[in-house]
Every structure is written in structure tokens, then in C-alpha cells.
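Here is a quick tour of one model, going from a charged side chain to the aromatic rings and then to the sheet. Have the viewer open while you read.

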Amino acid sequence: MALPRRLPFSRSVYGLLSRVLLVATLLPLGGCEATLFAGLNATDQHHDISERHAIPFDPAHGLALDVYAPAHASHAPVVVFFYGGDWARGQRAWYRFVGTALAAQGVVTVIPDYRKVPQVTMDGFMQDAAEAVAWTHAHAGEFGGSADDVFVMGHSAGGQIAALLATDARWLGAYGMRPAQLAGFIGLAGCYDFVPVPPDDKDMIAAFGRSADQQRLGQPVSFVHGEEPPMLLLQGTEDHEVEPSNAISLAHAMQLRHEDVTLRLYPGVGHGAVLFALSRPMQGDAPTLQDVLDFVLLHPTPRSLALGDIGER
């Protein structure tokens, strides 16, 4: 049984914070998390990237997304990135470093917000996530992306969201899509196998309910049936918030059905470092960026023309 152990603000994040402290302390933001992300984003020096912010995709719920694209993209692969935060917090602006890191390498990157617990349960944020992917599929060409090469990607709670889109067909099905239409799923330290949820984990209980039957509806490993898109699972061995057994379990479920899955275990890497290795100051901590780009290169959909547009690394 793989139980995600999560803290409101992890010790690994505090360790990483010290490495951007000189930048972060100069910024007028409150809260350690906001300071950390602002510090990471302030180190960005990428050029030739087009950014569009606060594009509405669900006005009824006040939801918007940001798009980061290579300046001259044409038929480029697209990644929809879902951030973590215990399904209860976070905002898309914090993750600019993810969008620019990928866009600098030729990948159009879409970062949507979604509703959080306790305002909604799993049904709410999964509906939001599916709608964001459907919007991306419909509008990819407007940003130089290919609708035939849309990947979903997420970290931590966002990994659970993206993985469930790739395994449980009902979410994308509500918007006329199927998981098999995705070019792939990329998971960074995601929660994939977590039943039963610890009874004292208020955020997970609010998201997935109290009974094991309810919780299984949110557990991606429960829905692997043989028609999933290819998967890349990146996981640190020193992750004490979402145990590595989550990624191992999902990889095993895919392997049992002879599906395309790649599991990368990073020795000595913690929960936050898998994600923050996408940022310029921390790229040496884990090969996250290179592994993601290699996966995108190796897993185009048959109709895609995007690979010739991947930038020089």
C-alpha cells in the first residue's frame, strides 16, 4: 500500500529556499512558498518566448490559464502542466519557471488554475482539469502548438490530476476526448496509489471522501486497463511526502498490461527537488528537464509534425 506522506510546507522546500534566498528576500511577497517561487521565477533568463497570461478557459468559475510558447513555434508539442499543493492551494503564476524552461526548448506549455478543496471535491477539480485540456486541444494551433501532440504533466497533487485524466476516460470523455488521444503523461512525484487515505489527512479526505470505495475513484492505479497513453514517471528516492511506491505501483500496473511506461528513480532526490530541477538555478539537482524533453521527442502522435521544431538544448 502506497501512502503519500505530505506536509503543509515541506522540509525539502525549506532547504531549496535557502539557495534562492538572496533573490527571494528582495521581493515584496508574503509567505515562504510565494517567496520561493518568486525567487525561482526571478532567475529566469530565457529569451525568444511568447507569454500570454490570464486567458479565461472557464469564465463561469473564474478559471484562467497561462501559455508559454517558443516565439516562432509551428506544430510544436504541447504540455499542460498541473501544479501541486495538496489539492488545496497554489496558483499558476508561481510556476512560470516551468513554462519558460519547456518553452525555451520548443515545447508550448499551458499552466491552468483549478478549483481547490474545500470549495470543491475531486469532481470539481477534475472537471476543471479536463476542461483545460480540452481547451488546449481546441486552441493549440493559436500558439504554434499541435493539437495532435498534447501531453499532460503534473507534480505531486497535480500528478494525481494529470494521471487520472490519462487513465479514467470519463473525465476527458465529458469533453469529447479520450485518454488515448493524449501524446503522453508525465508525472513528477505524483500520488497514484493512496487508498486508504489516512483519516487525519484533512485535504485528501475533503478531496476524495472517507470511504475506500470513494477514494479509489481518485486513484489512477485503479483505472489502468490497457488503453493509456505512454507514461514517464519521475520520482526521487528520498521523497518522504509522496512515497516512491506510488510511482513504482503505477509503473507495475502499466507493465502488467504491456503498456509504454518509463520509471526514473533519482537517488537522493526529495519531493520538491524533482520539480525545482526544472528551474535554472537547480537544474543540476536532477535530470528532470532532459528526461521530460527526451520523452516528448520519443512519443509523438502519428500525425504530429512537431518534432522538427524542438529547440537546441
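Lys116 sits over the face of Tyr114, 4.7 Å from the centre of the ring. Keep in mind that this is a predicted model, so what follows describes computed geometry.

Where do the two tyrosines lie? Tyr83 is in the loop between E3 and H4, while Tyr114 is in the loop between E4 and H5, so the pair ties together parts that are 31 residues apart in sequence. Both Tyr83 and Tyr114 are buried.

Now for Phe37 and Tyr95. Their planes make 50° and their ring centres are 4.9 Å apart, so this pair is tilted. It also links distant parts of the chain: Phe37 belongs to helix H3 (residues 32-42), and Tyr95 to the loop between E3 and helix H4 (96-103), 58 residues away. Are these two buried or exposed? Phe37 is buried at 5% relative accessible area, and Tyr95 counts as buried too, at 4%.

Here are the two pairs in one place:

| Pair | Centre distance | Plane angle | Type |
|---|---|---|---|
| Phe37 and Tyr95 | 4.9 Å | 50° | tilted |

How many aromatic pairs does the structure hold? The count is 16. Ring pairs also build a cluster, whose members include Phe37, Tyr83, Tyr95 and Tyr114, along with Trp87, Trp94 and Phe276.

On to the sheet. Eight strands make up an open sheet with mixed pairing, in the order E1-E2-E4-E3-E5-E6-E7-E8. Its edges are strand E1 (49-58) and strand E8 (261-266), each pairing on one side only. On average, neighbouring strands are turned by 20° against each other, ignoring direction.

Zooming in on one pairing, strand E2 (residues 63-70) and strand E4 (residues 108-112) run antiparallel and are joined by four bridges. In one of the bridges between them, Asp66 has Ile111 in E4 as its partner.

Which helix packs on the sheet, touching E1, E2 and E4? That is helix H5 (residues 122-139), which also touches strand E3 (76-82) and strand E5 (145-155). The direction of H5 makes about 125° with that of E1.

Terms used
Residues numbered from 1 in each chain as written. Predicted model: local features only at pLDDT ≥ 70, side-chain atom pairs only at ≥ 80, totals over all residues. Heavy atoms only, no water. Pairing = 2+ DSSP bridges. Axes fitted to C-alpha atoms, helices over the stretch in contact; angles between N-to-C directions. Contact = heavy atoms within 4.5 Å. Phe/Tyr/Trp six-rings, centres within 6.5 Å; stacked < 30°, edge-to-face > 60°. Buried < 20%, exposed > 50% of the residue type's maximum accessible area, 1.4 Å probe, protein only. Lys NZ or Arg CZ within 6 Å of the ring centre and 35° of its normal.
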